[in-house]
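Dear colleague,

I am handing over the structure below, and my notes on it follow. Please read them with the structure open beside you.

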Amino acid sequence: MPITVASARERLLAECLDEVGALKEAGRYRRLRCLEAVDGPVVRIEGRELVCWCANDYLGLSTHPALAQAAAETAAAWGVGARASRLLGGTSQWHVRLEESLAAWCGAEAALSYASGYLANLGTLGALLSSQDAVIVDRLAHASLFDAARGSRARLRVFRHNDASHAAELLSRARGFRRRVIVTEGVFSMEGDRAPLEELVTIAEAHDALVYLDDAHGAFVLGESGRGAPEAAGVSMDRVLYMGAMGKALGCQGGFVAGPAPLIDLLRNRARAFIYTTALAVPVAAAAVAALTVLRDEPDRRARLWSRARALRRRLGALPAVSLPEPSHILPIVVGQVSLARELAERLWSRGIWAPAIRPPTVSERTARLRLSVTALHTDAQIDQLARALEEFLSAHFKTSGDR
Ligand SMILES: Cc1ncc(COP(=O)(O)O)c(C=O)c1O
């Protein structure tokens, strides 16, 4: 019997309703929260003011007047949209300046910006890898890295989180492939811990392989001068394929890869997620250039972030169920069950604190959590408010530190 358009559509809608129903039943349904106003870490949602502990605006740059001014002036002079993909006519002088500034910041020959960090991973790994290659990815790597690795059609192997010897074992089993690439993150987005970069790079070099480093959460915040996870680990940039994001500590939007000129040149010509999409909006590119200037002129912002992170860690480190092995601006409170994570998030919400529950599939089964991200703009009073609310809840549900 021929399938009519109408019946296929009706079936699809019924299936959508079923799937959404199943998500609701499993406690995995998510809805968007609409921000009505933002003032540093304080946001207004549904008419209520809440302290936000879930944004990646680590240095508080997204609301910096210099960025807003750069974006506004550029929008007035250039318009908003880039009007085309980069190769087709969407490269403005702001894109060029941005890439020059990013390359200079990283001490690299060149850089390529993408419209998002997700696209940077997709584009770069997709351009560099094919079925002749092998990619060895940390088990807790970001979804975009897995999507990129799978999309590249390279042989995908997964190593235990931060287990360099497992990565080495998988590398040696992958002899015979043209390129072999270890993929990891500077700071893991849901764990807050760092990759053993020196070890991974040394292993990769010993196996004549490469390390692709997604430093979305480490770029501009880690290291003496903010040069990210490589600087913090004492690993020179040219020992990794370096990717960073501009939507997090830089307070803007977009992703980038920095490296030798021939690599960047190849990406411009091969990265589908760069070629077949409209360029980063011009005011955003201008704001990102301004953000790099602010970073240089206001180094105390990074110092403030780390003093806030230390203060929060001191307050939370002693709470039941909380295990914070290393200083980080991302602090996970892993409670295990989805229902408990939701209850905790709701309790905080009722106290004027916004820290949504993170559930599978974003994190593994039985590791539902809150993911707290601290910024340079959080105050002592806000840290105190959060610590008190968490203490009350966690003490009622867990007995000892690490007890889940
Ligand atoms: C580790 C990591 N890589 C890449 C991305 C994607 O970056 P963007 O948000 O700019 O697409 C994220 C963002 O959540 C991330 O956490």
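In which sense do S1 and strand S2 (residues 42-45) pair, and over how many bridges? The model is a predicted one, in which local features need pLDDT of at least 70 and side-chain atom pairs count only at pLDDT 80 or more, while totals for chains, interfaces and linings use all residues. Residues are numbered from 1 along each chain as its sequence is written.

S1 and S2 pair in the antiparallel sense over four bridges, where two strands count as paired if DSSP finds at least two bridges between them, and strands (E, at least two residues) and helices (H or I, at least four) are DSSP runs numbered from the N terminus. Val42 in S2 is the bridge partner of Asp39. The open sheet has four strands in the order S1-S2-S3-S12, with mixed pairing. Strand S1 (35-39) and S12 stand at its edges with a single partner strand each, so one side of each is left without a neighbour in the sheet.

Helix H15 (residues 380-397) has 18 residues and reaches 26 Å from its first C-alpha to its last, close to the 26 Å expected at 1.5 Å a residue, the expected span being 1.5 Å times one less than the number of residues. Its buried residues (20 or more other C-beta atoms within 10 Å of their own, with C-beta atoms placed from the backbone) are Gln382, Leu386, Leu390, Phe393 and Leu394.

Around the ligand there are 14 residues, the closest being Ser116, Gly117, Tyr118, His142 and Ser189; a residue is near if its C-beta atom, placed from the backbone, lies within 6 Å. Helix H5 (residues 117-128) gives the most to this shell, with three residues.

With best regards

Technical notes
Buried ≥ 20, exposed ≤ 12 C-beta atoms within 10 Å, placed from the backbone.
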